[in-house]
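Please have a look at the display before I go on.

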Amino acid sequence: MLAEKKMDLGTVALAAGVIGFLRYWILPQIRKYVAGGVCKSTARLDGKTVVITGANTGIGKETAKDLALRGARVIIACRDFAKGEAAANEIRLETGNQAVLVRGLDLANTASIRQFAEAFLKEEKNLHILINNAGVMMCPYSKTADGFELQFGVNHLGHFLLTYLLIEALKEAAPSRIINVSSLAHVFGRIKFHDLQSEQSYDGGLAYCQSKLANVLCTREMAKRLQGTRVTVNAVHPGSVRSELVRHSTLLSLVWRLFSFFIKTPKEGAQTSIFCAVAEELDSVSGVYFRFKVMELHHFSPHLCLLVKETELDRPGLPILYIIV
């Protein structure tokens, strides 16, 4: 009987030791890996102007907060002006930086994009950093005001047009940077030139992948075309982040809740964008895809860069779209 009690106590002690080891050493290591790297740059952005789309929530808001702390003049460009003002007020209070402004921008409407760009160019002298952060994911099929499939229109075409309209301001402020927030989902994407607007068939997940692939490929081509201008352009994958992006997918929302331990916080997800915006060692780095740990550089696979196809979309008010296929 005594031997059995000793064995039971030994088993309990062993189990407690294993649980303690997992809780206080293994799990923190896993969480640290999931969180990814942290931008350690201490660079200041005093006198610099930054535009961040969709910065009223999620990683965009955390990016805006960090850059405001560095002294930047931050312009939050978003569709919901009330939410934008709430985010801006919070950032002003936390950072003490009063130069955090909100401007209306609907990426699903080319007229709104043009109005935003026109107003910006009248108000601001230069643009030093443009972060194309806003996006939609796996939403029900719908179209933008100009007739584009919503995910392709917002995630890629809207940002493409915005960048096109602000490129001279970026050149004037050089050295300057463009950061396109893409996703690892781009590896599953295919550009359907025969059905670019998914009118023949639509899958929300594949449409999202197509839009993110377009971000990555356009980044590569833009970097080539901006050589010699001292304007760099890079794409980033922020990781799987707790945000409103998955709101249209019941399955992903459930997975995000069940595996929340393995999902980044918005602040953790923002680190790659912040790194690409401020790191001094990236002054001349362009055309690169950054993912997971901020210090890893992942160049585009050669098979993604075979040729450039110029597609004249049959919509008014949009320049020729360049996508590599």
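Predicted model: local features only at pLDDT ≥ 70, side-chain atom pairs only at ≥ 80, totals over all residues.

Residues are numbered from 1 along each chain as its sequence is written, and side-chain values use heavy atoms, with hydrogens and water left out.

Staying with that sheet, β4 and β5 pair in the parallel sense over four bridges, where pairing requires that DSSP finds at least two bridges between the strands. β4 also pairs with β1, again in the parallel sense, over three bridges, and there V50 stands opposite I129 of β4.

What covers the two faces of β4, or rather, which of its residues are buried? On one side I129 and I131 are buried, and on the other L130 and N132 are, so that both faces of this strand, residues 129–132, are covered; buried means under 20% relative accessible area, exposed means over 50%, and partly exposed lies in between, with a 1.4 Å probe and protein chains only. In a regular strand the side chains alternate between the two faces of the sheet.

From β4 the path goes on through helix α5, residues 150–172, to β5, and the three make a right-handed β-α-β unit, right-handed meaning that, with the strands pointing away from the viewer, the path from the first strand over the helix to the second runs clockwise.

Let me turn to the loops. F188 sits in the loop between β5 (176–181) and α6 (204–225), and F188 counts as exposed because its relative accessible area is 58%. V38, in the loop between α1 (2–35) and β1 (49–53), is likewise exposed, at 53% relative accessibility. V38 and A270 are 232 residues apart in sequence, yet their C-alpha atoms are 9.2 Å apart in space.

Finally, the chain as a whole: its secondary structure comes to nine helices and ten strands, and of its 325 residues 53% count as buried. Among contacts with a separation of 6 or more, 73% are between residues 24 or more positions apart, contact meaning heavy atoms within 4.5 Å.
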